[in-house]
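Colleague: Could you walk me through reading a model like this one, feature by feature? I'd like the general idea each time, and then the case at hand.

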Amino acid sequence: MTTQQPTKRPIRRGRIFPEYTIPPEELARREAEQQARYQRCRPVFERVRDELINDHYNWFMIIEPNSGDYFIDSDEDTAIKKARQKYSSGRLAVFRINETGACGKI
């Protein structure tokens with residue numbers, strides 16, 4: 001019968017994978033891009049919300065920020081699929097057709 005020697009593992013402190021830590025500059029860049037995309041999409045949402053809110057309340061609206069095209073559906077995944085058929089790459093913005101445009105719960 002052989003006995004195994006206990007292996008010495010280094011003590012890890014902090015994050016489990018520190019090599020995957022995103023630098024603050026990268027986080028700030030991503031936040032700035034997200035805000036710029038929101039600033040381009042929000043006026044499109046505001047422009048069409050009033051005409052859509054009566055018939056499509058709480059439906060999802062996916063907006064492509066560069067063209068201003070939007071896609072609506074009662075199911076979020078279906079709306080995203082519609083948008084991806086025309087715009088296969090790039091970031092999209094998701095709004096809910098209601099008073100605030102917010103998706104999800106607080």
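Modeller: Let's start with N98, which is placed in the segment after β3; helices (H or I, at least four residues) and strands (E, at least two) are DSSP runs, numbered from the N terminus. Keep in mind that this is a predicted model, in which local features need pLDDT of at least 70 and side-chain atom pairs count only at pLDDT 80 or more, while totals for chains, interfaces and linings use all residues. Residues are numbered from 1 along each chain as its sequence is written, and side-chain values use heavy atoms, with hydrogens and water left out.

Colleague: Is N98 buried or exposed?

Modeller: The general idea is a cut-off: buried means under 20% relative accessible area, exposed over 50%, and partly exposed in between (1.4 Å probe, protein chains only). N98 counts as buried because its relative accessibility is 8%.

Colleague: Which residues is N98 in contact with, leaving aside neighbours within four places in sequence?

Modeller: Contact means heavy atoms within 4.5 Å. With those neighbours set aside, N98 contacts F45, R49, I53, Y57 and N58.

Colleague: And what polar contact does the side chain of N98 make?

Modeller: A polar contact is a pair of N or O atoms within 3.5 Å; within protein, one must be able to donate a hydrogen and the other to accept it, and residues adjacent in sequence count only if both atoms are side-chain atoms. Here the N98 side chain pairs with the side chain of N58 at 3.4 Å.

Colleague: Where is the place of N58?

Modeller: N58 sits in the loop between α1 and β1. It is partly exposed, with a relative accessible area of 31%. Check its backbone too: N58 has a positive phi of about 65° although it is not a glycine.

Colleague: I53 was also on that contact list. Where does I53 lie?

Modeller: I53 lies in the loop between α1 and β1, and it is buried, at 17% relative accessible area. Beyond its neighbours within four places, I53 contacts I97, N98 and E99.

Colleague: How should I read helix α1?

Modeller: Begin with its span: the expected value is 1.5 Å times one less than the number of residues. Helix α1 covers residues 24-52, 29 residues in all, and reaches 40 Å from first to last C-alpha, close to the expected 42 Å. A bend is the angle between axes fitted to the seven residues ending at a residue and the seven starting there; α1 bends by about 30° at E46.

Colleague: Which residues of α1 are buried?

Modeller: An α-helix has 3.6 residues a turn, so residues three or four places apart point the same way. In α1 the buried ones are R37, C41, R42, V44, F45, V48, R49 and L52. Their cover includes β1 (60-63), β2 (70-73) and β3 (93-96).

Colleague: How many residues does the largest nonpolar core have?

Modeller: A nonpolar core is a set of buried Ala, Val, Leu, Ile, Met, Phe, Trp, Tyr and Cys residues joined through side-chain atoms within 4.5 Å. The largest has 12, including F45, I53, M61 and I97. Two or more residues come from each of α1, β1 and β3, and α1 gives the largest share, five residues.
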